[in-house]
Amino acid sequence: MPKLEELTPEQIAKFGFYVQKWLKIGLDTTECDFDKAIAAAKKCYALKGLPEPTKFLGPFNNPFESSIATSVLSKWVDKSFENNTALNEALMKEVASIIENKRFDFPSDLANQIYGNHEYWLSYYDYFRTECAITGCEITDGLMDMAIVCGWWTPLAGACVFQHRPEQIHFDDRRRIHNTEGPAIKFRGSPYNNVYALHGIRVKENVIRRNYTAADIDKESNVEVRRVMIDLYGQEKYLLDSNSKVVHADDFGTLYSKEQSNDEILMMVKVINATPEPDGSFKDYFVRVDPKAYNGLKTAHAAVASTWRNKDGSMVFGSPNDYDPDIQT
Amino acid sequence: MITIKASDLVPVKYQVWSQVSTQVSTQVWAQVGDQVRDQVRIQVEDQVLHQVWTQVRNQIRDNHKSI
């Protein structure tokens with residue numbers, strides 16, 4: 001049989017439907033549907049010819065709590081319970097107790113967990129199966145059912161451990177995970193799996209809480225994270241708090257620079273607004289400048305001149321000496 | 001009564017997930033040309049925020065290491 005080498009316009013027109021369908025699945029923040037998750041798990045095992053599991057546990061709040069649950073199960077080998085409900089209740093209670101008392105001395109089982117509604121790759125096979133009649137995709141039916149009803153889960157030979165989906169997911173306007181005031185991805189229950197991020201860059205919780213110093217910024221080795229930390233801290237404040245160097249000062253302002261490992265020098269010029277504030281005082285402004293302008297900025301005059309740009313980003317003044325304002329506005 | 005057996009707790013991720021992924025991929029390779037596969041991956045799969053799920057996984061792994 002010849003391979004499918006070209007899609008019809010009708011098939012191409014269906015791309016958007018599958019994108020929206022799987023975005024909706026992936027961004028679903030409702031709780032796990034336990035009964036439907038059990039049915040989906042049974043289908044997954046059946047499609048692979050595995051014996052049907054007999055113990056269905058959870059749903060737990062997040063991957064961390066699920067990891068604790070499987071660890072507890074391994075300590076309960078040979079223990080008997082009246083039925084699955086009794087086992088599940090005892091397990092939930094024990095996990096809650098471990099979380100409350102922070103008894104976190106258990107091995108992680110993350111490597112055994114799979115991703116439920118985060119199985120974005122299923123969108124590709126859903127499309128081929130439904131729109132192009134490609135055979136063999138039925139093997140993913142159980143995982144597809146699970147994606148619609150459950151968060152991450154752990155398939156074991158005789159037991160399945162289910163989780164809820166995240167409770168909140170926040171994005172910026174470019175669909176990058178982002179929240180300046182809390183977790184960008186927040187799970188139910190204990191906070192240990194919450195994801196903090198700004199414009200898609202993962203950061204630690206203390207950054208979002210603004211609980212860090214200029215010295216902490218200098219210690220951060222990841223350039224992208226350091227930039228995010230500087231922006232949130234305030235470039236001017238960072239420059240003043242981090243032993244930056246005064247490169248030059250003249251009537252135009254004061255030029256500061258701060259070396260940063262593996263990144264461009266942070267250079268800013270402090271200028272005084274020529275227009276007085278309502279109370280008659282004059283306010284300082286910091287403007288970030290390109291350290292490479294005019295073959296390397298050396299004076300505050302040159303730094304201020306370099307901030308004048310044409311619409312295409314090129315310099316208005318070919319030389320800093322061309323910038324000689326008689327009247328300041 | 002139900003009893004937890006050691007054999008109940010053997011992970012089957014390989015069969016339920018890894019093998020399924022390999023099997024279905026092989027099927028599509030056999031029936032769909034390179035260009036169409038790339039087209040669908042870019043137009044459908046790549047648009048489904050897979051970077052978000054990767055970041056979630058990485059964050060969770062980092063968290064588990066630090067707890």
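Helices (H or I, at least four residues) and strands (E, at least two) are taken as DSSP runs and numbered from the N terminus. On this basis chain A holds 12 helices and 12 strands. The model is predicted: local features need pLDDT of at least 70, side-chain atom pairs count only at pLDDT 80 or more, and totals for chains, interfaces and linings use all residues. Residues are numbered from 1 along each chain as its sequence is written, while chains are lettered from A and ligands numbered from 1 in the order in which they are written.

The overall dimensions of chain A were computed next. Its radius of gyration, taken over C-alpha atoms, is 29 Å. A compact globule of 329 residues would have a value near 20 Å, by the rule of 2.2 Å times the number of residues to the power 0.38. The C-alpha atoms of chain A fill a box of roughly 90 × 60 × 40 Å along the principal axes. Of the 329 residues in chain A, 37% are buried (20 or more other C-beta atoms within 10 Å of the residue's own, with C-beta atoms placed from the backbone). Two residues are in contact if their C-beta atoms, placed from the backbone, lie within 7 Å. Among contacts in chain A between residues at least 6 apart in sequence, 54% join residues at least 24 apart.

Chain A contains an open sheet of three strands in the order β1-β4-β3, with mixed pairing. Two strands pair if DSSP finds at least two bridges between them. β1(A) (55–60) and β3(A) (153–155) are the edge strands; each has a single partner, so one side of each is left without a neighbour in the sheet. Neighbouring strands are turned by 10° against each other on average, direction ignored. β3(A) pairs with β4(A) (159–163) in the antiparallel sense over three bridges. Within this pairing, T154(A) is bridged to V161(A). Helix α3(A) (34–47) lies across β1, β3 and β4 of chain A and runs at about 135° to β4(A). Axes are lines fitted to C-alpha atoms, for helices over the stretch in contact, and angles run from 0 to 180 degrees between N-to-C directions.

The interface involves 47 residues of chain B and 64 residues of chain A. On the chain B side, β1 (2–3), α1 (13–31), α2 (34–43) and α3 (50–66) each supply at least two residues. The largest share, 11 residues, comes from α1(B). By class, this side of chain B divides into 24 nonpolar, 17 polar and six charged residues. Here Ala, Val, Leu, Ile, Met, Phe, Trp, Tyr, Cys and Pro count as nonpolar, Asp, Glu, Lys and Arg as charged, and the others, Gly among them, as polar. Strand pairing also links the chains: two bridges join β2(A) (80–81) to β1(B), and the strands run antiparallel. S80(A) has T3(B) as its bridge partner.

Terms used. A residue is buried if 20 or more other C-beta atoms lie within 10 Å of its own, exposed if 12 or fewer, and partly exposed in between; C-beta atoms are placed from the backbone.
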